[in-house]
Every structure is written in structure tokens, then in C-alpha cells.
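Here is a short tour of one model, meant to be read with the structure open beside you.

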Amino acid sequence: MFNPDDIRDNLNRNINDIRTQGPKLAEKMTGMNKEEFSKFIGDQMRLATDCIAHLMQGYRQGRDQEIDNMLHKYFQEEEQPKQQSTTNGLDDASPPPEQSNPSSISGRRRRRMNHLRSKVT
């Protein structure tokens with residue numbers, strides 16, 4: 001059906017045509033010579049780089065704000081059981097009621113809570 005030699009020959013012809021006629025055709029279609037086109041492409045690359053940098057800066061700010069909000073909410077949840085335990089007359093050494101059964105908390109959350117507690121104390 002397809003002869004690899006014919007495909008190779010056709011590909012070589014196409015590459016040679018692009019090398020010889022490509023710059024002339026591009027200049028005819030765009031109205032820019034090679035130097036002008038290179039300058040235009042360089043400007044477009046700088047613009048794309050600036051856009052990506054701006055996008056990433058916004059992404060990082062949003063990510064950091066979300067992490068701060070999550071940690072703030074997490075520490076508020078951690079503070080509430082301690083406040084309730086002191087109002088119920090329980091000592092501070094006893095774990096909060098919802099944490100007395102470790103199987104009720106997922107393993108990842110338990111590890112995260114222990115890690116954060118070790119940093120706080």
C-alpha cells in the first residue's frame with residue numbers, strides 16, 4: 001500500500017522545497033523579511049513569558065491565601081474542643097471527646113493534626 005522509499009523521497013522533496021521557497025513564501029504572505037519576523041517572534045515570546053509570570057504570581061497568591069484560610073479554620077476547630085473541655089470541667093491532658101476514638105479520624109488527618117501539634121508545642 002505505502003512504499004517507505006516513496007514516502008522518504010516525498011519527504012525529502014518537501015523539506016528541500018520548504019528550505020528554498022519557504023522564506024520567500026513567508027515574506028510574500030506576511031510582508032515581513034526574516035529579520036523583522038525574528039524580531040516579531042521575539043516580542044511575542046517576551047509577551048508570553050510576562051503573561052505566564054503574571055498568571056503564576058496570581059496563582060501563588062491565591063494558593064497561599066487558601067492555605068492560610070484552611071489553617072485558620074483548622075486551628076479554630078482545634079481551639080473549640082479545648083475551650084469546651086475547660087468549660088465542662090475536664091482537664092487539659094484528656095483528649096477532646098471526638099478524638100478519643102482514633103478510628104473515627106482518617107489516618108491522613110490524624111497524621112496531619114499530630115504534625116501540626118508538634119510544631120505548635
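## Terms and ground rules

Let us begin with accessibility: a residue is called buried under 20% relative accessible area, exposed over 50% and partly exposed in between, using a 1.4 Å probe and protein chains only. By that scale D64 is partly exposed, with a relative accessible area of 38%.

Please keep in mind that this is a predicted model, in which local features need pLDDT of at least 70 and side-chain atom pairs count only at pLDDT 80 or more, while totals for chains, interfaces and linings use all residues. Residues are numbered from 1 along each chain as its sequence is written, and side-chain values use heavy atoms, leaving out hydrogens and water.

## The chain as a whole

The chain has three helices and zero strands, so its elements read α-α-α from the N terminus on; here helices (H or I, at least four residues) and strands (E, at least two) are DSSP runs, numbered from the N terminus.

Of the 121 residues, 7% count as buried. The chain exposes about 10900 Å², with carbon and sulfur atoms supplying 56% of that area; accessible areas come from the Shrake-Rupley method with a 1.4 Å probe, and for residues only the protein chains shown count as cover.

## Salt bridges

Side chains of opposite charge can pair when their charged atoms come close. With a salt bridge taken as a side-chain nitrogen of Lys or Arg within 4 Å of a carboxyl oxygen of Asp or Glu, the structure holds four of them. One joins R8 to D5, whose closest N and O atoms are 2.8 Å apart. These two lie three residues apart in helix α1 (residues 4–30), which means about one helical turn separates them. R8 is partly exposed at 46% relative accessible area, and D5 is partly exposed at 42%.

In helix α2, K39 and D43 are four residues apart, again about one helical turn, and their side chains meet in a salt bridge at 3.6 Å, N to O. K39 counts as exposed at 55% relative accessibility, whereas D43 is partly exposed at 32%.

## A nonpolar surface patch

F37, F40, I41 and M45 form a nonpolar patch on the surface, with about 370 Å² of accessible area together. Patches are made of residues with over 30% relative accessible area and no salt bridge, joining like charges within 9 Å and nonpolar side chains (Val, Leu, Ile, Met, Phe, Trp, Tyr) within 5 Å. M45 sits in helix α2 (residues 34–87) and is exposed, at 54% relative accessible area.

## The largest pocket

The largest pocket holds about 220 Å³ of space. A pocket is found on a 1 Å grid over the protein atoms alone, as an open set of points with protein on both sides within 12 Å along at least five of seven lines, and lining residues have an atom within 4 Å of a point. Grid points are joined across faces, edges and corners, and the volume is the space filled by probe spheres set on the points.

Its lining consists of I67, M70, L71, K73, Y74, E77 and R112. Helix α2 gives the largest share, six residues. By class, the lining has four nonpolar, no polar and three charged residues; Ala, Val, Leu, Ile, Met, Phe, Trp, Tyr, Cys and Pro count as nonpolar, Asp, Glu, Lys and Arg as charged, and the others, Gly among them, as polar.

Key
On a 1 Å grid over the protein atoms alone, a cavity is a set of points where a 1.4 Å probe fits but cannot get out, and a pocket is an open set with protein on both sides within 12 Å along at least five of seven lines; lining residues have an atom within 4 Å of a point.
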